[in-house]
Every structure is written in C-alpha cells, then in structure tokens.
Amino acid sequence: MKTLFILVALLYFCAGSFGCDSGLRLNWDFPGSDIKILFSPDAEHCQFLCTQEAPCLFWAFIGPDCLVDDRHYQCFLKATSSGKPEKQNPKQGTTAGYSLKSCSPLPTPSLCKVYENVDFPGADYRTFFTVDYKACQKACTDDPFCQFFTFLNGKFSNTNARYKCHLKYSWSVPRTPAVRALADRTSGFSRKFQIIPSSQTVCQHTLFPNTDFPGYDIEVHQAGSPELCQVLCSAHPLCTYFSFVSNEFKCYLKNNPNQMVPKDASGITSGLPSRSCPLRNETNPFSPSHVTTYVGVDFPYSDIRFFPLNNVESCENACTSEPSCQFYSYITSSRVCYLKRVITMPAPPRVTNLADVVSGFTLRNCFL
C-alpha cells in the first residue's frame, strides 16, 4: 500500500500527461482499485471528493436508480500505479470518471443543487421549525458552522416532525490524518488556511497545562499541538472544551455545557474554544509572526506531490502558493518537501432516500 501511494504521488506530479478529463461516463463502472468509500448525493459531488482526496485518480458513483447494485449514493474513490482503471465495463445506474487534479485552473466545487426525497442522516447540531426548505437553507448559509441541511416538509410521515429543519456539520478546516514524532521532520500549514493558532496572550489564557477534563468525548483527532487542538474545538459547533494528550498527539473534543471538572494530569493540556480569537493577522494574512512550524513532527500520508527544496521555509512557501496544498512535511536530512491535502468540502456522512424531505448544502459554496 505504501508503494502505491508513492507511485500515486509521482503520477500526480506528472498528471498533465493524462490531461484534464472532466467527463462523466454514464452507465459505466471502473470496478476494483478502491482506496476509500464515501457518500455523495450525485456524481458531480463524487468527482470533487476524488479531486480533493490526495491519492484518488478516478472514481465510480452508484446512483439511486441503479437496479443491479443496492449500494446507492456510495462514491468509490480509486487509484492504481498506472493512473488508469484496471477494468472498465458498462453498469446500469453507475457513473464513472477521473479526478480533476490535472485541470488548470483547478475547478471549485459549486454546491447549488437541492435534492428532493433525499436525506442526509447524522451530523446534526441544531434543529428548529421553519416554513420551507428555502428558509432552512438560508439559515444554514447564515450559520458559519453549517455545511448542509435536511428539511422535513408538510407531507412528512411523522406529523410531529413536519417543517423541521436540521442543520448539519462537516469539517471545513484541514485535519491531519496522522501525527508522529520524527527528529528529521518539520511540518506546518499553508498560510492561506485559517488553521494557524493566534499568538495573542488573551487567547493563550484559555489553555490549562497539565490538566485533563475527563469524559464527554464527542470526537478524537490527531493534532500537532494543544493550539491546533484548540482550533479544531473552535471549529466544531458542539465542542465546549478539549483535552490534548501530548505524547500521543491526540485531541479529544468534548461536549458538556453543564460542568467542566479539571483533574491534574501530566502531559495533558486542556482548554476552551477560542472562537473570538483571530487565527491570523487580518491586515497581513502572510505575516511571519503568525506562522507556526512543528519541528520534530511529521504529518504522514495525504501527499499530493513531493520534490527537493533547500529548506523548510521554501517548502512552506511552496505549500502556500499551491492552490490544492493545505499542509506539508519537510525532511531535513534529504531536503524533500511533501505537499499534502485532505477533503474539506461539505460531505454528508450518509445519503439515503426518504419521502417528503429536501436536503442540500450551504449556499456559501454555490457559484452560478
């Protein structure tokens, strides 16, 4: 598997040789070679998931009208060492295609559609009643945490739940899939992303060294520092406080609005979300004073390409100037820079058919 990902990274570097292929192959399948399976409401969304997933080179989407396969709304992200599908065959109700990574400029997902009789189950953080799906979608658009929604209309089977709007969340900030200590690595983030923690003293007062807040975990993620864990907590609508275990690089997001019971614990830093603290200098977003690098820390996986560079500053600059790069790792011994990215577009955890509901995305990502 490791060899495959190295080959995929090299293929991405030379992706222009394949050209930009944005076509959708209706009633067609690329069987096998799966690297990840996600849910999508349609083939276009699936194509952008493949484009944002670093190793993905091509994909297949099983639509709701497929009669030969009941894995409806599943998006299969795929890769091979050659960059091409090993198999191709017709398949009713399935759409296949290629990543848009080699397209220049890189297309931006436009999530303008709404989906009738389609549910996005899970990921709820707020519900209320409103008149129609348009009002629900507007509420989602106006709420910075909301990425997608589901609205139950006036004909929904459960009369007590009619006209209910469900606002839903998915990660819009890049999360490193793994973090590990390695002496000859230095890692960091693109300066274009608001993932850089603030250095303001007032925000640092929300961190409590050698303190644990046990229990009430809602999610666990990898993070390079307590400050990055705080950024993740601040970005999640349900996170009320967090604990970061330094020797494991684990960030525990927690939800308990009623109480917060501290416990002495060496090597654990806990804290509060800092949603009122700026994550970067608004007057100069590329200000060096707001750039943090993590010496002796590696962000493995999710490589989009790699190449030799003389120093870590050049690697950070390369990541910042690369539209698709979110974070990087630099090997000081061999002077190699790895540019990396993960999926940050709105992605429902599940998609299913359900009568008399309407689902869709925030209009902040809609470009007509």
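**Group meeting: disulfides and strands in a predicted model**

Let's start with Cys233, which counts as buried because its relative accessibility is 0%; buried here means under 20% relative accessible area, exposed means over 50%, and partly exposed is in between, with a 1.4 Å probe and protein chains only. Its partner is Cys239, and the two sulfur atoms of that disulfide sit 2.1 Å apart. A disulfide, for today, is a pair of cysteine sulfur atoms within 2.5 Å. Cys239 is buried as well, at 2% relative accessibility. The torsion about the S-S bond of Cys233 and Cys239 is -100°, a left-handed link.

Quick housekeeping. This is a predicted model, where local features need pLDDT of at least 70 and side-chain atom pairs count only at pLDDT 80 or more, while totals for chains, interfaces and linings use all residues. Residues are numbered from 1 along each chain as its sequence is written, and side-chain values use heavy atoms, with hydrogens and water left out.

Okay, back to the cysteines. How many disulfides does the structure hold? There are 10, and I'll show you two others. One of them joins Cys20 to Cys103, with S to S at 1.8 Å. Cys20 is in the loop between α1 (2-13) and β1 (25-29), and Cys103 is in the loop between β5 (89-98) and β6 (114-119), so this pair links distant parts of the chain, 83 residues apart. Helices (H or I, at least four residues) and strands (E, at least two) are DSSP runs, by the way, numbered from the N terminus. The torsion about this S-S bond, Cys20 to Cys103, is about 75°, so we call the disulfide right-handed. Cys20 is partly exposed at 45% relative accessibility, whereas Cys103 is buried at 7%.

The other one is Cys112 with Cys366, sulfurs 2.0 Å apart. Cys112 is in the loop between β5 and β6, and Cys366 is in the segment after β22 (352-361), so the link ties together parts 254 residues apart in sequence. With a torsion of about 110°, the disulfide of Cys112 and Cys366 is right-handed. Cys112 itself is partly exposed, at 25% relative accessible area.

Now, sheets. In what order do the five strands of the open sheet come? The order is β6-β22-β8-β9-β7, with antiparallel pairing; two strands pair if DSSP finds at least two bridges between them. On the edges we have β6 and β7 (124-129), each pairing on one side only. Neighbouring strands here are turned by 30° against each other on average, direction ignored. Between β7 and β9 (164-168), which run antiparallel, there are five bridges, and Asp124 stands opposite Lys168 in β9.

Helix α3, residues 133-142, lies across β6, β7, β8 (148-152), β9 and β22, at about 155° to β8. For angles, axes are lines fitted to C-alpha atoms, for helices over the stretch in contact (heavy atoms within 4.5 Å), and values run from 0 to 180 degrees between N-to-C directions.

Last stop, β4, residues 74-78. Five of its five residues are buried. In a regular strand, side chains alternate between the two faces of the sheet. In β4, Gln74, Phe76 and Lys78 point one way, Cys75 and Leu77 the other. So what does β4 pair with? Five bridges join β4 to β2 (34-39), antiparallel, with Ile37 the bridge partner of Phe76. Five bridges also join β4 to β3 (58-62), again antiparallel, and there Trp59 stands opposite Leu77.
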